[in-house]
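Here are my notes on the model you sent over. Have it open while you read.

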Amino acid sequence: RGVELVVLALPIDVQVSQQEWEKYNVENPIDISHSLVLLEELVQDTNQIGAIGVNAGIALQNASPGAFLFGDIHMNPKGHAAVAASLQEALSEKSATK
């Protein structure tokens, strides 16, 4: 029916940058970089079934610092714009290969 599945792997702020812990006043931040493999595997599995997998982590890293709200895991307009650009790029690449 012309519909394609798009799966967005969206990391939380402290997965994007260790510096994000500072806004929570955490004295001993936990390194959770190993959890990024979950996002990578989600995108790989999504692509293997023929859907479009997008990992927004790189876009958010490039937009950081300042992609997230202070004291909150949610993105601010800068973060949303970065994710939107990564989605647009992935969709454009997909349509170019058709």
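**Notes on Lys23 and the chain around it**

1. Start with a polar contact of 2.9 Å between the side chains of Lys23 and Asp13. A second one, at 2.7 Å, links the Lys23 side chain to that of Glu20. (A polar contact here is a pair of N or O atoms within 3.5 Å; within protein, one must be able to donate a hydrogen and the other to accept it, and residues adjacent in sequence count only if both atoms are side-chain atoms.)

2. A caveat before going on: this is a predicted model, where local features need pLDDT of at least 70, side-chain atom pairs count only at pLDDT 80 or more, and totals for chains, interfaces and linings use all residues. Numbering runs from 1 along each chain as its sequence is written, and side-chain values use heavy atoms, with hydrogens and water left out.

3. Is Lys23 buried or exposed? Lys23 counts as buried because its relative accessibility is 10%, and buried means under 20% relative accessible area (1.4 Å probe, protein chains only). Across the chain, buried residues make up 36% of the 98 residues.

4. Lys23 sits in the loop between α1 (13–16) and α2 (36–48). Leaving out residues up to four places away in sequence, Lys23 touches Asp13, Phe68, Leu69, Phe70, Gly71 and Asp72; contact means heavy atoms within 4.5 Å.

5. As for the fold, the chain has four helices and two strands, in the order β-α-α-β-α-α along the sequence. Helices (H or I, at least four residues) and strands (E, at least two) are DSSP runs, numbered from the N terminus.

Definitions and conventions:
Buried means under 20% relative accessible area, exposed over 50%, partly exposed in between (1.4 Å probe, protein chains only).
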